[in-house]
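Hi,

Here is the structure I said I would pass on.

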Amino acid sequence: MYVLDSSAFINEYHTDEQIATIPLVREELEDEAAYRFDALEGSGMHLHIPEDNTVERIERAAGETGDLAELSETDIRLIAAAFELDSRLVTDDYAMQNVAEKLDVAVEVIAREGISEQREWLFQCAGCGREFDENRDRCPICGSSLSRKNPA
């Protein structure tokens, strides 16, 4: 089974495999992409609502990789759906791919190249330059904002 992100509907992704998604994806779509969603739902696409404990597990994994702030509620729930259904996640979103890779969820990309490696991001203070393993609103040392930094 393949779990489809919004980009699959926008880019007219096709597969002969069974497909699923979550109801929140429909809210992100407009015009033709929304019609594609409705047509696929009418022809048997499975709508899955992941369990709360799975969503929490995805949020923890996204926190560990440093991608949590980059992911929407829809993104997190899509990864959770793919995890629960033991499915392939179809998305072009790099943060989603990174978290999925950490959880051993298979990913198929649509219009862009996929990630080449899984990363656990660092966060660097814009003021004092200190680095932190987790994201915060402000640097606890000087109070400046933090930005995500590639650990490589």
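**What I found**

Going along the sequence, the protein reads β-α-β-α-α-β-α-α-β-α-β-β-β-β, with 6 helices and 8 strands in total. Helices here are DSSP runs of H or I with at least four residues, strands are runs of E with at least two, and both are numbered from the N terminus. Bear in mind that this is a predicted model, where local features need pLDDT of at least 70 and side-chain atom pairs count only at pLDDT 80 or more, while totals for chains, interfaces and linings use all residues. Residues are numbered from 1 along each chain as its sequence is written, and side-chain values use heavy atoms, leaving out hydrogens and water. Along the principal axes, the C-alpha atoms fill a box of roughly 55 × 30 × 30 Å.

An unreviewed UniProt entry annotates residues 3-85 as "domain: Ribonuclease PIN"; UniProt positions are in the numbering used here, the feature name is shortened, and such annotations may be inferred rather than shown by experiment. That span is 59% helix and 8% strand, and its end C-alpha atoms lie 9 Å apart.

Now for a helix pair. Helix 4 (residues 52-65) packs on helix 5 (residues 73-84) at an angle of about 115°, and their axes are 9 Å apart. (Axes are lines fitted to C-alpha atoms over the stretch in contact, with angles from 0 to 180 degrees between N-to-C directions.) So helix 4 is roughly perpendicular to helix 5, a label that covers 65 to 115 degrees; under 35 is roughly parallel, over 145 roughly antiparallel and the rest oblique. Residues in the contact (heavy atoms within 4.5 Å) include Val55 and Ile58 of helix 4, and Ile79 and Phe83 of helix 5.

Then there is an open sheet of 3 strands in the order 7-6-8, with antiparallel pairing. Two strands pair if DSSP finds at least two bridges between them. Strand 7 (131-132) and strand 8 (146-149) are the edge strands, each pairing on one side only. Strand 6 (residues 122-125) is joined to strand 8 by 4 bridges, and Cys125 has Leu146 in strand 8 as its bridge partner.

Finally, which residues does Gly127 touch, leaving aside its neighbours within four places in sequence? Gly127, in the loop between strand 6 and strand 7, is in contact with Cys142 and Ser144. The C-alpha atoms of Gly127 and Met96 are separated by 29 Å, with the two residues 31 apart along the chain.

Cheers
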